[in-house]
Amino acid sequence: MLAQSKIHDMKYVSLSDKDPIISADNPVRRLSFYLSMEEYVARSKPATDYFFMWQVNPSVIFGRNQLIENEVNLEYCRQHNIMTYRRKSGGGCVYADLSNIMFSYITGDDSVGFTYNRYINMVVRVLRQLGVDAKASGRNDVLIGDRKVSGNAFYKIPGRSIVHGTMLYDTDMANMVGAITPSNEKLVSKGVESVRQRIALLKDYTDISIDEFKLFVKNNLCDSELRLTQSDIEAIEEIERQYLSDEFIYGNNPKYTISRKCRIDGVGDFDIRIEMKNDTIADINIMGDFFLAGDMDAAIVKPLRGVKLDRQCVRTALTENVDSVIVGLSRPELVEMIIGAADARKQ
């Protein structure tokens, strides 16, 4: 019998008395349902901490500010019946299937750094209780040794924060690589070998089954349960309509006149696309795997519309606290990326 020692007090959100075990009366739902479920709980349930786990049929989930054609091998996904979804958090592209587990954590904590640290440390501690030598690393990862076992993303709604991420118990490595890289057989083969060297699968570090692991996590992290009702589920399905709409999935791909790609260490990859009208910014879209802590449209995009594409004009239009919107990014760095895109156009 596994030892259990409560390390955090919060409610486990369940859909049935079988949760978190998948069964005939607790079936697998679409990935978009679980994204809607965490948003619904965050927006409608009393202020406390909540947690739940979920599994999905083969799916790819890409970040709020990513271009689907840059991140997802759509042809491979069609050939292998892999579904594709966009989420509202930042970060990179993730593959999920029934052999790995997704975690969702909802809290009233407002600070990005504090929320991440609290959540990731919870995950590390529960893995260590299983005898797994886990540790936090980088901006959002959990490692076993020098290999990644969990990656996580974050977003905020008014008054609440949501963290969600992977726990790689096991997974289909060929699908993981093929869904987000070219499907050429030789490249996929090399990609599987390369990725397998960088990630850890929890099954290799513990003797317990995936269902035993889920129960262990639930019992160690949560001290009570919130059972969702049929009316709750109907409300979740209503939110899910947005996640399934073409506008949400593909609508982040605007017309553009100029573009620039770059990377800022510790922040992420950026793909900036600007639609110009004469010498002014008609529209701008900033995409990538960075993390958002605020409303980018209100704080960055709207203030830049109609602004002359000039270093001083762009600097003046932007808020001083860019890092309160894009985690870790300074205003000078953002200005230089935007102006760099303009310079690229002239070359």
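**A tour by selection**

Begin by selecting Asp283, Asp297, Lys302 and Arg305, which are linked in a network of salt bridges, a salt bridge being a side-chain nitrogen of Lys or Arg within 4 Å of a carboxyl oxygen of Asp or Glu. The model is a predicted one, in which local features need pLDDT of at least 70 and side-chain atom pairs count only at pLDDT 80 or more, while totals for chains, interfaces and linings use all residues. Residues are numbered from 1 along each chain as its sequence is written, and side-chain values use heavy atoms, with hydrogens and water left out.

A search of the whole structure finds 20 salt bridges. Select next aspartate 232 and lysine 45, whose closest N and O atoms are 3.1 Å apart in a salt bridge. Aspartate 232 lies in helix H8 (residues 230–244) and lysine 45 in the loop between helix H1 (31–44) and strand S2 (50–54), so the pair ties together parts that are 187 residues apart in sequence. Helices (H or I, at least four residues) and strands (E, at least two) are DSSP runs, numbered from the N terminus. Both aspartate 232 and lysine 45 are buried, where buried means under 20% relative accessible area, exposed over 50%, and partly exposed in between (1.4 Å probe, protein chains only).

Staying in helix H8, select arginine 241 and glutamate 238, which are 3 residues apart and therefore separated by about one helical turn; their side chains meet in a salt bridge, at 3.1 Å from N to O. Arginine 241 is exposed, with a relative accessible area of 56%, whereas glutamate 238 is partly exposed, at 48%.

Now select H1, which is mostly covered, with 12 of its 14 residues buried; among them are Leu31, Phe33, Tyr34 and Met37.
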